[in-house]
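The entries follow the order in which I looked things up.

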Amino acid sequence: MFKNMRWLLIASLVVIAMVVGACATPAPPPPPEETAPPLTGSVEIFSWWTAGGEAEGLAAMYEVFDAEYPELEIINATVAGGAGMEAKAVLATRLQAGDMPDSFQVHAGHELIDTWVVAEKMEPVTFIFEENNWLDVYPPGVIEVLSSEGEIWSVPVNIHRSNVLWYNKQVFEDNGLTAPTTLDEFFDVAKTLQGAGVTPLAVGDSGVWVDIHVFESLLLATLGPDAYRGLWDGATDWNGSGVTEALEAFADMMDYVNADHAALSWDQASQLVVDGDAAMTIMGDWSEGYFKAAGWTPDVEFGYVPSPGTAGSFIMLSDSFGLPDGAPNRDGAIAWLTVCGSKAGQDAFNPIKGSIPARTDGDRSLYDDYLQSAMDDFSSNEIVPSLAHGAAASEGWVTAFGDAMTLFVADLDVAAAQAAMAQACVDAGMCQ
Ligand code: GAL
């Protein structure tokens with residue numbers, strides 16, 4: 001009995017000792033879950049998207065952002081003016097003064113690399129591509145135009161096509177016409193329309209970029225894709241006959257445009273087509289966004305063909321957003337860029353904007369017939385870069401080219417314009 005009690009006592013002491021021991025060295029609590037504090041503050045996004053289609057597309061991407069980052073407030077900093085002519089000037093002043101927005105719109109290609117990257121105003125965004133596994137979902141050609149010195153410098157939101165002729169289907173039907181596919185057909189159609197009292201071609205070249213835009217389609221038509229590409233690396237002679245023919249075609253086209261072209265913008269020219277005051281316009285597919293914002297449906301009220309003589313080739317440009325070095329809200333800017341590069345962001349933006357996703361995995365069912373045709377063409381056509389929209393050449397070259405175009409539109413002197421364009425290539429360091 002005593003013996004038993006003694007064992008009981010010992011066993012109790014052992015248990016007590018174990019409990020006390022356990023209490024003396026408590027197990028460390030599990031580490032708290034790492035939750036980053038929500039991103040707060042404002043993010044200033046700088047762009048030139050104010051026209052019909054552009055503004056709505058941007059708003060759709062902002063909605064995706066709002067849903068993902070409700071604590072971050074977007075400041076929509078826009079400077080109106082097609083192709084960013086005005087916006088780019090304002091941006092340059094701001095960046096020189098160190099007053100940078102958190103992120104800004106910039107065309108992929110030379111505009112990005114030769115202007116901002118070489119001036120060391122950008123932070124590379126390669127890490128955003130890596131963190132989101134984007135290197136596999138963007139075409140290598142797109143990554144290439146965003147890259148220099150082993151880094152990627154901006155996040156593309158879309159691919160736009162420059163060489164499209166848009167037309168009012170009712171006006172064409174009323175005049176028994178079909179869409180022109182060659183330059184000869186274009187001039188035949190234009191003559192018929194003019195005879196019927198309709199302005200054949202709507203142009204709104206209050207900004208000279210619109211003339212450059214129309215002209216790049218003509219260069220592609222007269223030179224073909226290989227020689228067109230060669231214009232930008234010195235392989236094609238600016239004094240050659242293909243350039244002469246393009247200039248002559250441009251001069252001929254000016255006989256068929258609205259008298260007030262110099263007073264209008266690209267979207268006002270598109271509106272002439274909507275109103276039936278003009279039959280056609282040659283413009284990038286942001287006009288598609290404009291037409292849809294005006295209530296039109298592709299293949300119902302408006303038709304589209306590659307600009308005359310350019311079927312099989314796709315003049316491409318890409319809008320992208322960058323991370324300025326020293327962005328006031330860097331984390332907020334990275335959040336914005338993450339939305340820009342995401343499938344959700346691109347599939348919200350592009351169907352409205354009139355562009356196709358820069359990613360290869362966009363949801364095709366969200367895109368209308370025109371945009372699906374653009375997707376097909378982008379994957380099967382010869383892809384060549386746009387001069388008017390920053391892809392083909394440095395901004396200095398584009399400016400010199402624009403000066404030549406401004407004079408040319410005024411005097412239609414083919415020889416003088418060709419000499420000035422040849423000189424611009426020399427001055428840009430690409431021609432001898
Ligand atoms: C282009 C830009 C397009 C569209 C157009 C008219 O340069 O890439 O997204 O905005 O200008 O403004």
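Predicted model: local features only at pLDDT ≥ 70, side-chain atom pairs only at ≥ 80, totals over all residues.

For Trp48, I noted a distance of 3.4 Å between a side-chain N or O atom and a ligand oxygen. His160 also places a side-chain N or O atom by a ligand oxygen, at 3.5 Å.

I then asked how much of the ligand's accessible area the protein covers. On its own the ligand has 300 Å² of accessible area, and the protein covers 100% of it. I also recorded that the largest cavity is the space taken by the ligand.

I counted 13 residues around the ligand, of which Glu54, His107, Asp319, Lys353 and His389 come nearest.

I traced an open sheet of three strands with mixed pairing, in the order S7-S12-S14. Its edge strands are S7, residues 160-161, and S14, residues 382-385, and each of them pairs on one side only. His160, which I had noted for its 3.5 Å distance to a ligand oxygen, falls within the range of S7.

In which sense do S12 and S14 pair? I found the pairing of S12, residues 313-317, with S14 to be parallel, over four bridges. Within this pair, I noted Phe314 opposite Ile383 of S14.

Key: Residues numbered from 1 in each chain as written. Heavy atoms only, no water. Near = heavy atom within 4 Å. Polar contact = N/O pair within 3.5 Å; in protein donor to acceptor, adjacent residues only side chain to side chain. Areas by Shrake-Rupley, 256 points an atom, 1.4 Å probe, with all protein chains shown as cover. 1 Å grid on protein atoms, 1.4 Å probe; cavity = no way out; pocket = protein on both sides within 12 Å on 5 of 7 lines; lining within 4 Å. Sits in = over half its atoms within 2 Å of the grid points. Pairing = 2+ DSSP bridges. Helix = DSSP H or I, 4+ residues; strand = E, 2+ residues; numbered from the N terminus.
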